[in-house]
Structure formats: C-alpha cells, structure tokens
Amino acid sequence: MSELDQRVTGFALWHLSVPVSARRDHGIGSVEHAVDLVVLRLTSEGGVKGYGEASPWVVFTGSAEATFAALDRYMRPLVLGRRVGDHASIMADVQVAVAHCTEAKAALDTALFDLRARIAGVPVWALLGGRFRDRIPLSCSIANPDFDKDLQLMSRLSEDGVRIIKLKTGFKDHAFDIMRLERLRQDFADFEIRVDYNQGLHQDVALACVRDVAQFQPTFIEQPVKAHLRDLMARIRDSIDVPLLADESVFGPEDMLQAMGQGLADGVSIKIMKSGGLTRAQTVARMAHAGGWSAYGGDMFESGLAHLAGAHMIAATPEITLGCEFYQASYFLTDDILANPFPVEDGKVVVPDSPGLGVDVNPLALERFSVNRAGLAA
Ligand code: MG
C-alpha cells in the first residue's frame, strides 16, 4: 500500500476564541476583544496529522458556528474513510455537497495539503507547483480608531523592517481618512501606502472621496463600495489614475470571471478563505494574470496557521505580485496557536522549507482558546 492509499481516520474540530490586542475598525465592521476561528485536524491511518484553519468574519464571509457545522455535519462524512491521495476528489465532492462556506472548504483543503505533504516529507508549496519565491513582502493594516495607537504601531513596524501598510478607511469620516494619509505620508515617507475601504463608502459620495484619496497616489485603492455595486466599481475605476482592487466583490474563480467581464477593477485581493482553498486561490490568481490584473495576498482575521497556508500558496503562485497581509499573528493576536512564531524577518514572510505547513500547532493553545470541539476521540 502506498503512503497516499492510507485512509483518513480522524476528523477533529475546535472552535476557538483567540484574544486580540486592540480594536480594529474596517468599513463593514469592527473586531474587538477576540477573533473566532475553527481549526480542523485530520489524522491518517498511519497516525500522521494535518491541520487547517477557517477564519470566518461574520460581516464578510460567515460565522464560526456555521463553519463548524459545515465541517462537522456535512463535510466529515465526505472525508472519513477516504484515501489521503484522493484530495481533489474529496474537494470536488465537498464543492457539490455544501454551498458557500468557503472558509470551511479552505480549512479542509489546507488540512489535506498539510497531511499529504507531511506524509511525503515535503513542504506544502512543493505540492502546489513548486516554489517561485521564498520571501513575501508583508503589509500591515492600520485600522485602530485611536490613531495615536496606530502611530505607535507604525514606529514598531518601522523598527521591524516592514515598509508596506494598508490604511483602512471609510469607517469614520472622510476628514479622518485624509488627516491620517497626510500624517503618514509626512512622518513615514519611506513606507508604501495602500488604501482599503472594505465597502465603507456610501454610493452617493464614493466617487468624490476616492478621487481625493487618489491624489495621495497610494499603490492601490481597495473595494470602496458594497460588493454588489459592480457598475459603480467600474465607474470608479475609470475615473481615477490609481489602480482599483476588488476584494469583497470577488470570492472565487466564478466571481473573477464575471468581474473581468465587467471591468470592475485592475487587481484582486486573493484570500483562501474567500476562494475556498489553496488550489482555487491559485486559479483566481492565474485568471487575474491572464486578464492583465494584478493580485495581492489578502487575509481575514487569522492565526499563524491560516497565514502559513496562504504563504505556501503565494510561494508557489508567481502571479501574486503585491505581497501579503499576514500580519495578525505578529501584530494583532495576543497569543498565536502555533508552537513557534509565524516566520517574519525584516518585513518579509519567510516561506518554511520543512514538511507540511512547516510550523506545528500548539495543542495547549487549542485547549486554552476552545469554546467548542468535536471528534477528538478519533
Ligand atoms: Mg480588503
């Protein structure tokens, strides 16, 4: 029996509530006190374990409770007893059996990749096409309603070698956004600045606000209006000389096809939590590249486990050229769930070389932050 003929015999789940160090405001909602995550652990017949994370945000992709139920009730029967090597077949069945729940699918896809890679003794990126890059420029989001606290964070980022920030806008008022842009341009001139509205602008004022912000020449302006206002996105794109990025408007390849046809942006934020897994994220990136769009490695409110999945995916995907925003494990969570820190050096994510995702999960953290669990006996 080949190693990949081993069956999946364990399917354990944890719903975690992981404390965060500050409040963060985004256009569509806020996060304070803690983030809700779901961790999946698959075990093979041979006793190898693979982990995956779902990082839902209730105003964006869905709830942790729905994610937990999707995995526990509907995906578990499609996975247990299947051969580890039948990864694509399992994901195809899940895609048919469960609508939406892209974060749950991302967790399952990640855990299958981690399991296969650990059995094969190779890093996950080796199963995703091989390595294109081993360092990924890191962007940190500036989103604290208390701007003085963000200025302290900027000093820390500067000392750490981070040189890219994404200013979260559209959650207070336009004057606050312009004031922060002026201050950041003045005090941190060596930083690259990007802007993300997270759908925060009302359609009546969107064009005027975005034109003002475009005068600061950020690298891009992301998702100024609601995801479904696709014609307005296209009009905003045509009215500014700064690239417009789609985030909430594009989840998976199906949205990407439509978005390119509508000309609603110049680039896309790719997240495995939106696309429903690593392979589908790569598909979005390749579609973007084929259509002349740029691609950015976005994330949700994640722990280092989901950051690792994204890092391996970007390492093997040349089309994602704008870096990544895997900052939460280093700059937002009070404690991570990994046994060792998520690897960042001199403002860049370091892609692991060791088998699987490359950093182990800390089982004590799963215990400590757990609010619900299932399947631990297997
Ligand atoms: Mg965004």
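Biologist: How many bridges join β7 to β8, and do the two strands run parallel or antiparallel?
Modeller: There are 4 bridges between β7 (residues 139-142) and β8, and the strands run parallel. Two strands pair if DSSP finds at least two bridges between them. Strands (E, at least two residues) and helices (H or I, at least four) are DSSP runs, numbered from the N terminus. Bear in mind that this is a predicted model: local features need pLDDT of at least 70, side-chain atom pairs count only at pLDDT 80 or more, and totals for chains, interfaces and linings use all residues. Residues are numbered from 1 along each chain as its sequence is written.

Biologist: Thanks! Which residue stands opposite S141?
Modeller: That's K166, in β8.

Biologist: And is β8 mostly covered or open?
Modeller: Mostly covered: 5 of the 5 residues in β8 (164-168) are buried. Buried needs 20 or more other C-beta atoms within 10 Å of the residue's own, exposed is 12 or fewer, and partly exposed lies in between, with C-beta atoms placed from the backbone.

Biologist: Which β8 residues sit on which side?
Modeller: I164, K166 and K168 are on one side, with I165 and L167 on the other, and all of them are buried. In a regular strand, side chains alternate between the two faces of the sheet.

Biologist: What about β12, which residues point which way there?
Modeller: In β12 (residues 267-270), G267 and S269 point one way and V268 and I270 the other, and all are buried. β12 is joined by 2 bridges to β11 (residues 244-246), and these two run parallel. G267 is the bridge partner of L245.

Biologist: I keep clicking on F220. Where is it, and is it buried or exposed?
Modeller: F220 lies in the loop between α7 and β10 (221-222). It is buried, because 20 other C-beta atoms lie within 10 Å.

Biologist: Which residues is F220 in contact with, leaving aside its neighbours within four places in sequence?
Modeller: R194, V242, P243, L244, L245 and G267. Contact means that the C-beta atoms, placed from the backbone, lie within 7 Å.

Biologist: Let's switch to the helices. At what angle do the axes of α7 and α8 cross?
Modeller: The axes of α7 (residues 206-214) and α8 (residues 230-239) cross at roughly 35° and come within 10 Å. Axes are lines fitted to C-alpha atoms, for helices over the stretch in contact, and angles run from 0 to 180 degrees between N-to-C directions.

Biologist: Which residues make that contact?
Modeller: α7 brings A206, L207, V210 and R211, while α8 brings L232, I236 and S239. By class that is 5 nonpolar, 1 polar and 1 charged. Ala, Val, Leu, Ile, Met, Phe, Trp, Tyr, Cys and Pro count as nonpolar, Asp, Glu, Lys and Arg as charged, and the others, Gly among them, as polar.

Biologist: Now the whole chain. Which domains does the assignment give?
Modeller: Domain 1 covers 3-121 + 363-374, and domain 2 covers 127-350. The bounds come from an automatic or database domain assignment. The C-alpha centres of the two domains lie 23 Å apart.

Biologist: Last one: what is the phi of C101?
Modeller: It is positive, about 50°, although C101 is not a glycine. C101 lies in the loop between α2 (87-97) and α3, and it counts as buried because it has 23 C-beta neighbours inside 10 Å. Q223, also not a glycine, has a positive phi of about 35°; its place is in the loop between β10 and α8.

Terms used
Contact = placed C-beta atoms within 7 Å.
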